[in-house]
Amino acid sequence: MAQRVRGVVATEAGAPVTVETVVVPDPGPGEALVRVQACGVCHTDLHYREGGISDDFPFLLGHEAAGVVEAVGPGVTGVAPGDFVVLNWRAVCGECRSCRRGRPWYCFSTHNARQAMTLADGTPLSPALGIGAFAEKTLVAAGQATKVDPAARPEAAGLLGCGVMAGFGAAVHTGQVGRDDRVAVFGCGGVGDAAIAASRLAGARQIIAVDVDARKLEWAKEFGATHTVDASREDPVERIRELTGGEGADVCIEAVGRPEVLKQAFYARDLAGTVVQVGVPTPDMPFPDIPMIDFFGRGGQLRPSWYGDCLPSRDFPTLVDLYLQGRFDLDRFVSETIPLEGVEEAFHKMERGEVLRSVVVL
Ligand SMILES: NC(=O)c1ccc[n+]([C@@H]2O[C@H](COP(=O)([O-])OP(=O)(O)OC[C@H]3O[C@@H](n4cnc5c(N)ncnc54)[C@H](O)[C@@H]3O)[C@@H](O)[C@H]2O)c1
Ligand SMILES: [Zn+2]
Ligand SMILES: [Zn+2]
């Protein structure tokens, strides 16, 4: 029988989110019902709330979550009731042209639950990134629930579901950061700091953190930044050149989502270096004004990173192991834990730069 739970809903662009009754159907074929234990507040939730992702209001927000599988529908074999899972928005199909070419991390036809969760009056909800986990329970495609070691704290493990995985993968998968690399990370929120931590784990030679907020730069050092640049006080391109002996960084990671920052990342790079774009722009933003001769003349690669090119089934268990071994400090991303009612205020704290991640605990 369908269940009624509480969930955080965005009803129109720019309006404060509210806690509403959400009707969650029983899992059908290929679906799993998950009791959410924790869900982080990601900047992408705020993008949804602002209407920057699509106009499919009302949205059921939340997508960085961990929880326990409560029930599964017919035909589900990958997870079972009682499993501790991290939710993902890349349940690969195995059949699209990208999967068939052996590149499932780009899967163009990822699975979501077929049945809609609704408001009490029957209005269908659009779950953020096909998840919708600022709710006591959520319905997902079974492939969106990745089983991990239950020794991990849900508040920490859930963060792998989006921002931390995206930042980590932006560095090691998309940017292919390795031992000899000098890396610059623009934007030191949850995503950027995960890119910094990943660069340290990969053995990068120098890790330069760039932000406009001094507090964020302090935190970035705790994740492994070897140098910091306050872009509100100095030109990050000049400063990165200075710090790299006039050469520029081998890998520049844009984790803000703004054209002027992409432009800085482009020019802060050494010849033949890589720019990774993991920050999400809004539809009104143009590509930065860059002479084509600079694009050609500087060589290298410009690489957008969707979800850090991750494969949840491969990467989540690995990162949970690193966390449990004390090698990847997921706890450090958790600035505070809040109830469902705290999400709107958490957006403001995020905008004021007071938190890395507020995490809803249920
Ligand atoms: N590509 C993906 O798959 C993916 C996944 C998750 C999140 N994201 C995106 O990544 C971006 C970062 O997410 P987050 O949760 O870390 O956000 P956040 O708001 O916590 O962090 C953004 C950081 O950028 C800094 N910043 C703002 N303007 C800047 C500037 N001009 N120069 C340098 N730094 C600046 C802010 O001070 C803040 O520390 C967002 O756009 C988010 O939507 C992308
Ligand atoms: Zn596919
Ligand atoms: Zn996210």
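View 1. Ligand 1 has 33 residues around it, and H43, A166, G187, G189 and G257 come nearest; a residue is near a molecule if its C-beta atom, placed from the backbone, lies within 6 Å of it. Sorted by type, the shell holds 17 nonpolar, 12 polar and 4 charged residues, with Gly counted as polar, Pro as nonpolar, and Asp, Glu, Lys and Arg as charged. At least two residues of the shell come from each of α1 (43-49), α4 (163-174), α5 (190-201) and β12 (206-211). Helices (H or I, at least four residues) and strands (E, at least two) are DSSP runs, numbered from the N terminus. Because domain 1 (3-161 + 329-361) and domain 2 (167-305) both contribute to the shell, ligand 1 lies between them; the domain bounds come from an automatic or database assignment.

**View 2. Strand β5 and its partners β3 and β6.** Strands β3 (residues 31-40) and β5 (residues 64-72) pair antiparallel over 8 bridges, where pairing takes at least two DSSP bridges. Here A32 stands opposite V72 in β5. Strand β6 (residues 84-87) also runs antiparallel to β5, joined by 3 bridges, and A66 faces V86 across this pair.

**View 3. Contacts of V185.** Leaving out residues up to four places away in sequence, V185 touches G192, A195, I196, A209, V210, I253 and A255; contact means C-beta atoms, placed from the backbone, within 7 Å.

**Reading the views.** Residues are numbered from 1 along each chain as its sequence is written, while chains are lettered from A and ligands numbered from 1 in the order written. In this predicted model, local features need pLDDT of at least 70 and side-chain atom pairs count only at pLDDT 80 or more, whereas totals for chains, interfaces and linings use all residues.

Methods
Two residues are in contact if their C-beta atoms, placed from the backbone, lie within 7 Å.
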